[in-house]
Amino acid sequence: IKEAGWYYVDGQMAEAIVRNRNYDGGDIQRMEVQSYFYASVIKYFKDIGVSDSLKLLPRFTPYITTDMHWSRIAGLATEALNMDYSNMAIIKPGIHGYDIRTKRNGVQNLLEIPQDEWLEIINKHFRPYQEPVEALNIDEIEGEVVNDWGATGITVTNLGDLLAGAA
């Protein structure tokens, strides 16, 4: 796809879109594209409704390897389609990207994370009823910075808003 816009895609093109790693914005832009793609898929199935979505299930089951019975898969699909997405969010913590040269491994990519920000996200959204995580166990890597790709800040995207804007 060369230009921004709305497209109908087949399975092969869909896989290429969500797996592409050659965006100008790297993996950050890839995650954003994936968010829009998945929102469009969810919205499509919500728009056609649970009954028609379940009628399509036999077309998907040959591509799924699981020990779950098809009725359990249908139940999970029904739950997902009936969820209230307005209270859900996609959270992308901030990162700072570098290419560094190390004595041991040559040039490699490095993502530095603002630990305080990540700890807040982990404790607030993933461990609200457990003891908070006090520190992240992250090894430090030393080397010469060859390229500074810059930093991104935290972004929180409301899934309900994303679905409302999806085609």
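This is a predicted model: local features need pLDDT of at least 70, side-chain atom pairs count only at pLDDT 80 or more; totals for chains, interfaces and linings use all residues.
**A walk from surface to core**

At 45% relative accessibility, Tyr 7 counts as partly exposed. Tyr 7 sits in the segment before helix 1, which covers 11-19. Together with Val 9 and Met 13, Tyr 7 makes a nonpolar surface patch of about 250 Å².

Now turn to the nonpolar residues inside. In soluble globular proteins, nonpolar side chains tend to be buried together. Here the largest nonpolar core has six residues: Ala 39, Tyr 85, Leu 159, Leu 162, Leu 163 and Ala 166. Helix 5, residues 159-165, gives the most to this core, with three residues. Look next at Ala 39. Beyond its neighbours within four places in sequence, Ala 39 is in contact with Leu 162, Leu 163 and Ala 166.

Charged pairs come next. Side chains of opposite charge can pair when their charged atoms come close. The structure holds four salt bridges. One of them joins the side chains of Asp 47 and Lys 43, at 2.9 Å from N to O. Both residues lie in helix 2 (residues 26-60). Asp 47 and Lys 43 are four residues apart, about one turn of the helix. Asp 47 has a relative accessible area of 53%, over the 50% cut-off, so it counts as exposed.

Helix 2 also carries Asp 52 and Lys 55, three residues apart, again about one turn of the helix. Their side chains meet in a salt bridge, with N to O at 3.3 Å. Asp 52 is partly exposed at 35% relative accessible area. Lys 55, at 59%, counts as exposed.

Another salt bridge pairs Glu 144 with Arg 101, with the closest N and O atoms 3.6 Å apart. This pair links distant parts of the chain: Glu 144 is in strand 4 (residues 144-152), Arg 101 is in strand 2, and 43 residues separate them. Glu 144 is partly exposed, with a relative accessible area of 47%. Arg 101 also counts as partly exposed, at 41%.

Stay in strand 2, residues 95-102, where Thr 102 is found. Is Thr 102 buried or exposed? Its relative accessible area is 11%, under the 20% cut-off, so Thr 102 is buried. The side chain of Thr 102 reaches the backbone nitrogen of Asn 105 at 2.9 Å. Leaving aside neighbours within four places in sequence, Thr 102 is in contact with Gln 108, Ile 141, Glu 142 and Gly 143.

Terms used. Residues are numbered from 1 along each chain as its sequence is written. Side-chain values use heavy atoms; hydrogens and water are left out. A nonpolar core is a set of buried Ala, Val, Leu, Ile, Met, Phe, Trp, Tyr and Cys residues joined through side-chain atoms within 4.5 Å. Buried means under 20% relative accessible area, exposed over 50%, partly exposed in between (1.4 Å probe, protein chains only). Helices (H or I, at least four residues) and strands (E, at least two) are DSSP runs, numbered from the N terminus. Contact means heavy atoms within 4.5 Å. A polar contact is a pair of N or O atoms within 3.5 Å; within protein, one must be able to donate a hydrogen and the other to accept it, and residues adjacent in sequence count only if both atoms are side-chain atoms. Patches are made of residues with over 30% relative accessible area and no salt bridge: like charges are joined within 9 Å, nonpolar side chains (Val, Leu, Ile, Met, Phe, Trp, Tyr) within 5 Å. Accessible areas come from the Shrake-Rupley method with a 1.4 Å probe; for residues, only the protein chains shown count as cover.
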